[in-house]
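Please look over the sequence and the structure shown here before reading on.

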Amino acid sequence: TGPSLTLDSLRLQTQPGARVTSVSAELVLRSSLGATHVVQLPEGAELESVLIDGTAQPLRAEGRKLALPIHPGSQTILIRWREPQGVATLQHSAQFDAGVAGVNAYTALELGADRWILAVGGPRLGPAVLLWGLLIVVLGVAVALARARFAPLGIGAWLLIALGTAQASLYS
């Protein structure tokens with residue numbers, strides 16, 4: 001007795017565009033029985049493709065539900081869909097119900113190069129934005145340099161220089 005289906009990993013990638021959002025979910029499943037497993041797509045999702053072990057499957061979603069044929073053993077399922085909303089000021093990753101509890105969940109929200117991530121939410125040991133800590137340190141250094149007697153610049157100039165350098169990459 002026990003469950004016959006195990007979700008080994010789930011990778012959910014969301015790419016918001018100007019008018020639509022492209023999403024892909026990659027599930028790695030192990031099953032001891034051949035069966036049909038139902039996953040739920042978000043409201044308004046438009047299914048693009050389903051690949052099982054790299055082979056395209058002619059599947060259709062019925063409302064939000066998508067029935068996946070599961071064979072015994074391990075398999076990788078890639079589901080791609082589009083959502084009708086594009087990029088927004090407050091962006092969320094896609095909602096996806098795999099229909100089974102699992103481990104090794106990975107969520108990626110891929111924003112364009114013209115977007116800044118200022119804050120994120122999630123579990124306590126989840127995502128973090130490192131910009132704010134760097135900004136506090138850089139502004140502190142700017143205030144210290146403005147108070148130094150050897151520097152000819154005032155505090156306003158040093159703060160502008162600090163804000164400009166905080167945007168530069170530390171690795172390049």
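## Two packed helices

Angles between axes over 145 degrees count as roughly antiparallel. In this predicted model, helix H1 (residues 131-147) packs against helix H2 (residues 155-166) at an angle of about 150°, and their axes lie 9 Å apart. H1 and H2 are therefore roughly antiparallel to each other, and their crossing is right-handed.

On the side of H1, the contact is made by Leu134, Leu135, Val138, Leu139, Ala142, Val143, Leu145 and Ala146, while H2 contributes Ile155, Trp158, Leu159, Ala162, Leu163, Thr165 and Ala166. Sorted by class, the residues in this contact of H1 with H2 are 14 nonpolar and one polar, with no charged residues.

## The six-stranded sheet

An open sheet is formed by six strands, which follow the order E5-E4-E7-E2-E1-E8 with mixed pairing. Strand E5 (55-56) and strand E8 (105-109) stand at the edges with a single partner strand each, so one side of each has no neighbour in the sheet. Strand E4 (residues 46-52) pairs with E5 in the antiparallel sense over two bridges, and in E5 the bridge partner of Leu51 is Ala56.

## Val28 and Ser9

Val28 belongs to strand E2 (residues 21-31), whereas Ser9 is found in strand E1 (residues 5-16). Once neighbours within four places in sequence are left aside, Val28 is in contact with Thr6, Leu7, Asp8, Ser9, Ser74, Gln75 and Thr76. Val28 and Asp53 are 25 residues apart along the chain, and their C-alpha atoms are separated by 9.5 Å.

Is Ser9 buried or exposed? Residues under 20% relative accessible area count as buried, and Ser9, with a relative accessible area of 18%, is therefore buried. Leaving aside neighbours within four places in sequence, the contacts of Ser9 are with Glu26, Leu27, Val28, Val103 and Asn104.

## Strands E3 and E6

Strand E3 (residues 35-40) and E6 form an antiparallel pair over six bridges, and the partner that Val39 bridges to in E6 is Leu66.

In a regular strand the side chains alternate between the two faces of the sheet.

How values were computed: Residues are numbered from 1 along each chain as its sequence is written. This is a predicted model: local features need pLDDT of at least 70, side-chain atom pairs count only at pLDDT 80 or more; totals for chains, interfaces and linings use all residues. Side-chain values use heavy atoms; hydrogens and water are left out. Axes are lines fitted to C-alpha atoms, for helices over the stretch in contact, and angles run from 0 to 180 degrees between N-to-C directions. Helices (H or I, at least four residues) and strands (E, at least two) are DSSP runs, numbered from the N terminus. Angles under 35 degrees count as roughly parallel, over 145 as roughly antiparallel, 65 to 115 as roughly perpendicular and the rest as oblique. A crossing is left-handed if the near helix is turned anticlockwise from the far one by less than a right angle, and right-handed if clockwise. Contact means heavy atoms within 4.5 Å. Ala, Val, Leu, Ile, Met, Phe, Trp, Tyr, Cys and Pro count as nonpolar, Asp, Glu, Lys and Arg as charged, and the others, Gly among them, as polar. Two strands pair if DSSP finds at least two bridges between them. Buried means under 20% relative accessible area, exposed over 50%, partly exposed in between (1.4 Å probe, protein chains only).
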